[in-house]
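Work through the exercises below with the sequence and the structure at hand. Try each task before reading its solution.

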Amino acid sequence: MEKPLYNQGDLLQYQRRTSKVAHLVVITKVFTTGRGKFEDIYYTFTWCDDGSKNTYQINTLDDDLSFKLLARGQ
């Protein structure tokens, strides 16, 4: 199983390469679904701009260069 790059409470910056506008997100939950070879790890995060939430598989978020770690959660 792949280890998540981010942990609950981490603060990330999201910025597309074509945009000068940066957005902040906080990882609010790291969880797994399935078992064995079908196990997947997900992040739930909250956008600081408007409080909306999204859930992504870890490889989707970990491999996305638009996200950058700003601070580790305690």
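## Exercise 1: A stacked pair

Phe31 has a relative accessible area of 23%, so Phe31 is partly exposed. The model is a predicted one.

**Task.** Classify Tyr42 as buried, partly exposed or exposed.

**Solution.** Step 1: the relative accessibility of Tyr42 is 21%. Step 2: buried requires a value under 20%, and exposed a value over 50%. Step 3: Tyr42 therefore counts as partly exposed.

**Task.** Decide whether the rings of Phe31 and Tyr42 are stacked, tilted or edge-to-face.

**Solution.** Step 1: a pair of aromatic rings is described by the distance of the centres and the angle of the planes. Step 2: the centres of Phe31 and Tyr42 are 5.6 Å apart, and the planes meet at 15°. Step 3: rings pair if their centres lie within 6.5 Å, and planes under 30 degrees apart count as stacked. Step 4: the pair of Phe31 and Tyr42 is therefore stacked.

**Task.** State which charged group sits over the ring of Phe31.

**Solution.** The charged end of Lys29 does, at 5.0 Å from the ring centre.

## Exercise 2: A tilted pair

**Task.** How many aromatic pairs are counted in the model?

**Solution.** The count is 7 aromatic pairs. One of them joins Tyr14 and Phe67, with 4.8 Å from centre to centre and 50° between the planes, and this pair is tilted. Tyr14 belongs to strand S1 (residues 11-14) and Phe67 to strand S5 (residues 67-71), so that the pair links parts of the chain 53 residues apart.

**Task.** Find out whether Tyr14 and Phe67 are buried or exposed.

**Solution.** Step 1: the cut-off for buried is under 20% relative accessible area. Step 2: Tyr14 has 13% and is therefore buried. Step 3: Phe67 has 9% and is therefore buried. Step 4: Tyr14 and Phe67 also belong to one aromatic cluster, together with Phe45, Trp47 and Tyr56.

## Exercise 3: Strands

**Task.** In which sense do S1 and S2 run, and S2 and S3?

**Solution.** Step 1: S1 and S2 are antiparallel and joined by 4 bridges. Step 2: Leu12 has Val25 in S2 as its bridge partner. Step 3: S2 and S3 are paired in the antiparallel sense by 8 bridges. Step 4: Val30 faces Tyr43 in S3. Step 5: S2 and S3 make a hairpin with 6 residues between them, and Gly34 in the turn has a positive phi of about 80°.

**Task.** Describe where Ala71 is placed.

**Solution.** Step 1: Ala71 is in strand S5. Step 2: its relative accessibility is 33%, so Ala71 counts as partly exposed. Step 3: beyond its neighbours within four places in sequence, Ala71 is in contact with Asp10 and Leu11.

Conventions: Residues are numbered from 1 along each chain as its sequence is written. This is a predicted model: local features need pLDDT of at least 70, side-chain atom pairs count only at pLDDT 80 or more; totals for chains, interfaces and linings use all residues. Side-chain values use heavy atoms; hydrogens and water are left out. Rings of Phe, Tyr and Trp (its six-membered ring) pair if their centres lie within 6.5 Å; planes under 30 degrees apart count as stacked, over 60 as edge-to-face and the rest as tilted. Helices (H or I, at least four residues) and strands (E, at least two) are DSSP runs, numbered from the N terminus. Buried means under 20% relative accessible area, exposed over 50%, partly exposed in between (1.4 Å probe, protein chains only). A charge sits over a ring if NZ of Lys or CZ of Arg is within 6 Å of the ring centre and within 35 degrees of the ring normal. Two strands pair if DSSP finds at least two bridges between them. Contact means heavy atoms within 4.5 Å.
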